[in-house]
Amino acid sequence: MKTEPKVWVGSRMQFYPSEIIFLKSDINYTKIFLANGETHLVSTNLGKLEPRFLSFNFFRLNRSFIVNLNHVLIAQKDEQLLVQLPNEKQVCISRRRKEQFLKTLN
């Protein structure tokens with residue numbers, strides 16, 4: 001049995017934060033990608049979900065992604081800073097959030 005609390009995502013779904021790899025914006029919806037490979041679509045936008053996840057080691061990389069920092073595999077630095085997620089997906093960090101992201105990792 002997990003000791004961490006579940007987080008409400010949408011009006012009817014709850015997940016343990018440790019099970020979520022990342023959240024991706026889809027206009028006014030959000031796709032939730034879980035560690036077990038499942039994907040869920042909820043009718044809540046990232047702006048409303050972001051405050052719910054701040055205390056669980058999540059970080060908003062750009063307008064479209066919030067990632068669980070516990071699932072970030074590699075942070076690569078080319079011309080832009082990229083984060084690689086377990087599903088081989090690479091996500092660019094916005095210029096405005098880059099400095100805060102590096103502080104959060106250290």
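Q: Let's start with charges. Which residue forms a salt bridge with Glu50, and how far apart are the closest N and O atoms?

A: Happy to begin there. Side chains of opposite charge can pair when their charged atoms come close. In this predicted model, the partner of Glu50 is Arg60, and the closest N and O atoms are 3.2 Å apart.

Q: How many salt bridges does the count come to?

A: The count comes to two. Besides the pair of Arg60 and Glu50, the side chains of Lys103 and Glu99 meet at 3.5 Å, N to O.

Q: Where do Lys103 and Glu99 lie?

A: Both are in helix H2 (residues 95-105), four residues apart, which is about one turn of the helix. Lys103 is exposed at a relative accessible area of 54%, and Glu99 is exposed too, at 55%.

Q: Now to the pockets. Which residues line the largest pocket?

A: With a pocket, look at the volume, then at the lining and its classes. Here the largest pocket has a volume of about 180 Å³. Its lining consists of Asn62, Arg63, Ser94, Arg95, Arg96 and Arg97. By class, that makes four charged residues, two polar ones and no nonpolar ones.

Q: Where does Ser94 lie, and what is Ser94 in contact with?

A: Ser94 is in the loop between strand E10 (90-92) and H2. Leaving aside neighbours within four places in sequence, Ser94 contacts Leu61 and Asn62, and Asn62 is itself one of the lining residues. At 23% relative accessibility, Ser94 counts as partly exposed.

Q: What does Arg97 touch?

A: Arg97, another lining residue, is placed in helix H2. Not counting residues up to four places away in sequence, Arg97 touches Glu50, Phe59, Arg60, Leu61 and Asn62. That list includes Arg60 and Glu50, the two partners of the 3.2 Å salt bridge. Arg97 is partly exposed, with a relative accessible area of 28%. From Arg97 to Asn28 the C-alpha distance is 22 Å, and the two are 69 residues apart in sequence.

Q: Turning to the nonpolar side, which residues have the most contacts inside the largest nonpolar core?

A: To read a core, take its members and then the elements that supply them. This core has 15 residues, and those with the most contacts inside it are Phe22, Leu61, Val67, Val83, Leu85 and Phe101. Strand E3 (20-26), strand E7 (65-68) and strand E9 (81-84) are the elements that give two or more residues to this core. A second, separate core has 13 residues, among them Val7, Val9, Ile20 and Leu49.

Q: What does Val83 touch?

A: Setting aside residues up to four places away in sequence, Val83 touches Leu61, Val72, Ile74, Lys89, Gln90, Val91, Ile93 and Phe101. Leu61 and Phe101 were also named for their contacts inside the largest core.

Q: Loops next. Are Thr44 and His71 buried or exposed?

A: Thr44, in the loop between strand E5 (39-42) and H1, counts as buried at 10% relative accessibility. Beyond its neighbours within four places, Thr44 contacts Gly10, Asn28, Tyr29, Thr30 and Leu49. His71, in the loop between E7 and strand E8 (74-77), is buried at 19%. With the nearby sequence likewise left aside, the contacts of His71 are Ser18, Ile20, Ile21, Ala35, Leu85 and Pro86.

Q: Finally, what is phi of Ile27 and of Asn57?

A: Phi of Ile27 is near 60°, a positive value in a residue other than glycine. Ile27 lies in the loop between E3 and strand E4 (29-34) and is exposed at 72%. For Asn57, phi is near 65°, again positive in a residue other than glycine. Asn57 is in the loop between H1 and E6 and is partly exposed at 35%.

Methods
Residues numbered from 1 in each chain as written. Predicted model: local features only at pLDDT ≥ 70, side-chain atom pairs only at ≥ 80, totals over all residues. Heavy atoms only, no water. 1 Å grid on protein atoms, 1.4 Å probe; cavity = no way out; pocket = protein on both sides within 12 Å on 5 of 7 lines; lining within 4 Å. Points joined across faces, edges and corners; volume = space filled by probe spheres on them. Nonpolar A, V, L, I, M, F, W, Y, C, P; charged D, E, K, R; others polar. Core = buried A, V, L, I, M, F, W, Y, C linked by side-chain atoms within 4.5 Å. Buried < 20%, exposed > 50% of the residue type's maximum accessible area, 1.4 Å probe, protein only. Contact = heavy atoms within 4.5 Å. Salt bridge = Lys/Arg side-chain N within 4 Å of Asp/Glu carboxyl O.
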